[in-house]
Amino acid sequence: MKIIRPEAITDSILQSTNVTEADEAEWASGTTYADAALVMVTGTGGGAATATHKIYESQQGSNTGNDPTIDDGTYWLEISSTNAWKMFDLIVQDQTERSGGIEVVLQPSAVVNAMAFINVYAASITIVVDDPTDGEVYNQTFSLISDSGIQDWYAYFFEPIIRNDRLAVTGMPPYSGTDITVTFTETGTAKCGALVMGQYADLGYSQHGAGFSILDYSTKTTDANGRVTITPGPYTNKMDIDVIIDTDQFPRINRTLTDIRTTPVVWIAQDNNPGAIVYGYYRQFDVILSNPTTSTCSLDIEGLV
């Protein structure tokens, strides 16, 4: 079991992106907005307190001079991140989208040796790391085309192509101050729900018998005649797993889990198995100190929506 503790991606870290921020008109303090008008805040030039890269909806008519970034909901309602920044917020179901591929350049402020991509639609992802002193120190392309359902030649030719929607990479060289270029290659529309970068840590050895499921927030209603109406909603992934840890590592692991109790991290139960990746929080962890050598840690993990 590995975890990736994310570094928050801010304006100073995102050096460039080929996804334009043109979702709505930029909010301006001197403009009067009608009820239900949509605006975005991508900078402070219009008078906003902070550049949130969010879209807001006006909740009143004759709405003038009320900064959406500090409003309490009286005048503005936050709708979502802008398209370019959806891949950097905490709502995995909202995806950054671009026809023909996405490319971002990141310059982390701390050491990064791992990345993860959640709710992705692309043919492949390429990661290139350039150090100002050593030059290019990492260049790898990862295919997202899955062959897990191909058991024979008939399936090879006639089964639909399936793509993995998650990828975790933990083999990057530990550098800081580098330029990390991430390219999502896709002939159609590339999509990414979450890009996470940071340092990874080993917790222990994942055990067989882990449980994986989803928590569905769709609603199903039945009328007086028994007819069912289903309203699709978001969902989240869940993981229940036991991890064997070295007993002498219990203080470190206990401290690590305590420190991330309010922080979403990427949980990697098994290398090279996209289905065993969850980005979210643990609901509960229990450690049984079985013997002086090894102990068991039980984790109940719930992913972000």
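User: How many disulfides does a search of the whole structure find?

Analyst: The search finds zero disulfides, where a disulfide is a pair of cysteine sulfur atoms within 2.5 Å. Please keep in mind that this is a predicted model, in which local features need pLDDT of at least 70 and side-chain atom pairs count only at pLDDT 80 or more, while totals for chains, interfaces and linings use all residues. Residues are numbered from 1 along each chain as its sequence is written, and side-chain values use heavy atoms, with hydrogens and water left out.

User: Is cysteine 192 buried or exposed?

Analyst: Cysteine 192 is buried, at a relative accessible area of 0%; buried means under 20% relative accessible area, exposed over 50%, and partly exposed in between, with a 1.4 Å probe and protein chains only. Cysteine 297 is likewise buried, at 3%.

User: OK, zooming out: what does the secondary structure come to?

Analyst: The protein has two helices and 25 strands, these being DSSP runs numbered from the N terminus (H or I for helices, at least four residues; E for strands, at least two). Of the 305 residues, 39% count as buried, and the C-alpha atoms fill a box of roughly 70 × 70 × 50 Å along the principal axes.

User: Which residues have the most contacts inside the largest nonpolar core?

Analyst: They are Leu106, Met115, Phe117, Ile127, Phe184 and Leu195, in a core of 31 residues. A nonpolar core here is a set of buried Ala, Val, Leu, Ile, Met, Phe, Trp, Tyr and Cys residues joined through side-chain atoms within 4.5 Å.

User: Which elements give two or more residues to this core?

Analyst: Those elements are strands S9 (102-106), S10 (114-121), S11 (124-131), S15 (166-169), S16 (179-185) and S17 (189-202). The largest share, four residues, comes from S17. Apart from this core lies another, of 21 residues, among them Ile241, Leu257, Ile260 and Ala269.

User: Back to phenylalanine 184: what is it in contact with, leaving aside neighbours within four places in sequence?

Analyst: With those neighbours left aside, phenylalanine 184 is in contact with Met87, Gly101, Ile102, Phe117, Val120, Ala122, Ser124, Ile125, Ala190, Cys192 and Leu195, contact meaning heavy atoms within 4.5 Å.

User: What about phenylalanine 285, where does it lie?

Analyst: Phenylalanine 285 lies in strand S24 and, leaving aside its neighbours within four places in sequence, is in contact with Asn254, Leu257, Cys297, Ser298 and Leu299. Its C-alpha atom is separated by 36 Å from that of valine 104, 181 residues apart along the chain.

User: Switching to prolines, where is the place of proline 292?

Analyst: Proline 292 sits in the loop between strand S24 (277-288) and strand S25 (294-303), where it is exposed, with a relative accessible area of 77%. In sequence, proline 292 and aspartate 246 are 46 residues apart, yet C-alpha to C-alpha they are 8.5 Å apart in space. Proline 251, by contrast, lies in helix H2 (residues 250-259) and counts as partly exposed, at 49% relative accessibility.

User: Which value does phi of histidine 53 have, positive or negative?

Analyst: Phi of histidine 53 is positive, near 60°, in a residue other than glycine. Histidine 53 is in the loop between strand S4 (38-41) and strand S5 (54-58), and it counts as buried at 5% relative accessibility. Asparagine 272 also has a positive phi, of about 60°, although it is not a glycine; its place is the loop between strand S23 (265-268) and S24, and at 83% relative accessibility it counts as exposed.

User: Last one: in which strand is aspartate 240 found?

Analyst: Aspartate 240 is found in strand S22 (residues 235-246), and it counts as partly exposed at 37% relative accessibility. Leaving aside neighbours within four places in sequence, aspartate 240 is in contact with Ala210, Gly211, Leu299 and Asp300, whereas aspartate 240 and arginine 252, 12 residues apart in sequence, are 21 Å apart in space, C-alpha to C-alpha.
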